[in-house]
Amino acid sequence: MPKSRDVTQASTLDLHGAFVRRTDLSGASLRGANMTGVDATNAVFRGADFKGALLDGAILKGADLTGAKNLTLEQLSSAIVDDRTALPAYIDRKKLQLLIVEK
C-alpha cells in the first residue's frame, strides 16, 4: 500500500514568468511564491499574503494590492510598479519611489 503524502509539508507556488494579467488572486496565499518576472498587469491581489514572495522583475502595473499582507518595500522595489498600482495603506509610495531610484 502506498504511503500517503504528508499534507503538512508545504510546497511553494512557482509563477516564475507566468502571464496573470487581470487575474483575481484576492486572498491568495503567495507565501514564499516565486513571482520572478510574472506579468501581473492589472491583476487583483486584495488581501493576498506576500510573506517571503520573490517579486524580482514582477510587472505590477495597475495591480490592486489593497489590503495585501506581509508585503515589504524591499519586495516592491524589485518589482515594476506605476502610478496606477494600488498599494496597501502601510506602504509609503514616496519611500518606494526613493528605493527604486536608488537601485
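Mentor: A polar contact is a pair of N or O atoms within 3.5 Å, and within protein one must be able to donate a hydrogen and the other to accept it. Please keep in mind that this is a predicted model. Here, the side chain of Asp-82 reaches the backbone nitrogen of Gly-62 at 3.0 Å.

Trainee: Where is the place of Asp-82, and is Asp-82 buried or exposed?

Mentor: Asp-82 sits in the loop between helix H1 (73–77) and helix H2 (93–102). With a relative accessible area of 19%, Asp-82 is buried, because buried means under 20%. Beyond its neighbours within four places in sequence, Asp-82 is in contact with Lys-61, Gly-62 and Arg-93. Its side chain also meets that of Arg-84 in a salt bridge, at 3.1 Å from N to O.

Trainee: How many salt bridges does the count come to?

Mentor: Side chains of opposite charge can pair when their charged atoms come close. The count here is four salt bridges. One of them joins Asp-39 to Arg-21, with the closest N and O atoms 2.8 Å apart. Both residues lie in the segment before H1, so the pair ties together parts that are 18 residues apart in sequence. Asp-39 is buried at 12% relative accessible area, whereas Arg-21 is partly exposed at 35%.

Trainee: Which residues touch the most other members of the largest nonpolar core?

Mentor: Nonpolar side chains tend to be buried together in soluble globular proteins. The largest nonpolar core has 26 residues, and those touching the most other members include Leu-30, Phe-45 and Leu-60. Among the residues in contact with Phe-45 are Leu-30, Phe-50 and Asp-64.

Note on methods. Residues numbered from 1 in each chain as written. Predicted model: local features only at pLDDT ≥ 70, side-chain atom pairs only at ≥ 80, totals over all residues. Heavy atoms only, no water. Core = buried A, V, L, I, M, F, W, Y, C linked by side-chain atoms within 4.5 Å. Buried < 20%, exposed > 50% of the residue type's maximum accessible area, 1.4 Å probe, protein only. Contact = heavy atoms within 4.5 Å. Helix = DSSP H or I, 4+ residues; strand = E, 2+ residues; numbered from the N terminus.
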